[in-house]
Amino acid sequence: MERAQKVRVKNWHPPGHVRAPMYLRGKTGEIERELGPFANPEELAYGHKASRRRLLRVRFTMGELWGAEAENPADILEAEIYEHWLDPINAT
Amino acid sequence: MPHDHHDHSDDTQGLSPSGHPYKPDQDHKLTRWQAMEIAMRELLIEKGIVTAAEITATVEQMDRRSPADGAKVVARAWVDPAFKARLLQNGTEAIREIGVEPGVLKLIAVENTPEVHNVVVCTLCSCYPRNLLGLPPDWYKQRAYRSRVVKTPRKVLAEFGLELPDTVQVRVHDSTADMRYLVLPARPEGTDKLDETALAALVSRDAMIGVATARHP
């Protein structure tokens, strides 16, 4: 996954410590930049030897996140999401 | 036993002579994690791994961190376009250049312009660039700010006294993982003759979180 790739955050609901906020799950955005590999917090939180996972910044529009309730649909929200939480969306 | 003052049972009612309500003493039992922290600290000292003085020195060093370091970074970016470019490219390396030790901090700086206003939050907890700005304000850690600023940032910013026109795009940065964020506020007009120290004095903690702009001189 590279910059400007369209992605959807997985709508997973696993138990335990994860760092993909609920309000972004299932939402579509675009990779803003790549941040490199980081220790996976889902393993780190339990004292396990953590694998390295790619971390990406994803840009969402407020219109995508909040629909008609958005104050200004063109405003932006950016968040860091681990690659294993993202599905690429390919242009059809 | 001599007893030269009134019964303490009244202390939690009414007002003190200085006009503030009395608060109960904080002598409740330790929580599990407070007890664990003390046990761990005492063990480390007993085993000679660290000394009590070293722990105190580290706590003091953490307490000394303040928004002044962040303001210094902002002022340098205002006067030195090449530094600003490096700061926006790689915040962590750029702050080291001017003598701010990032430690574990991984920094992304985001720039306010006439077209874009940035604001920072951590919806999951209270991630904050402590090495650069010191301790976060209480409101930053509260649910009201964390849940509202991602949905109605313009309303929240207006409550802080910052009304943004529709021509300005709002960008909310949710620190969900390993990066921490510094907002680089716009340099106020009429500051051409000010030196870096005077410029840094215009940069508040709130401006670097993005709920305010830099002060006008």
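Me: Which residues have the most contacts inside the largest nonpolar core?

Reply: A nonpolar core is a set of buried Ala, Val, Leu, Ile, Met, Phe, Trp, Tyr and Cys residues joined through C-beta atoms within 7 Å. A residue is buried if 20 or more other C-beta atoms lie within 10 Å of its own, exposed if 12 or fewer, and partly exposed in between, with C-beta atoms placed from the backbone. In this predicted model, the largest such core has 61 residues, and those with the most contacts inside it are A:Ile81, B:Val74, B:Val119, B:Leu182, B:Val183 and B:Val203. Helix H3 (residues 67-79) of chain B contributes the largest share of this core, 6 residues.

Me: How are the numbering and the confidence limits to be understood?

Reply: Residues are numbered from 1 along each chain as its sequence is written, while chains are lettered from A and ligands numbered from 1 in the order in which they are written. As the model is predicted, local features need pLDDT of at least 70 and side-chain atom pairs count only at pLDDT 80 or more, whereas totals for chains, interfaces and linings use all residues. The score pLDDT is the predictor's confidence in each residue, from 0 to 100. Chain B has a mean pLDDT of 92, and 94% of its residues reach 70 or more. The model scores ipTM 0.96 and pTM 0.87.

Me: Which residues does B:Val203 touch?

Reply: Two residues are in contact if their C-beta atoms, placed from the backbone, lie within 7 Å. Not counting residues up to four places away in sequence, B:Val203 touches B:Ala71, B:Val74, B:Ala75, B:Pro185, B:Met208 and B:Ala214.

Me: How many residues of each chain are in contact across the interface?

Reply: In chain A, 18 residues are in contact with 19 residues of chain B. Strands (E, at least two residues) and helices (H or I, at least four) are DSSP runs, numbered from the N terminus. S4(A) gives the most to the side of chain A that touches chain B, with 6 residues.

Me: How does S4(A) run relative to strand S3 of chain B?

Reply: Two strands pair if DSSP finds at least two bridges between them. Here 4 bridges join S4(A) to strand S3 (residues 169-174) of chain B, and the two run parallel. In this pairing, A:Ile76 stands opposite B:Arg171.

Me: What pattern does chain A follow along the sequence?

Reply: Chain A has 2 helices and 5 strands, in the pattern β-β-α-β-α-β-β. Of its 92 residues, 27% count as buried.
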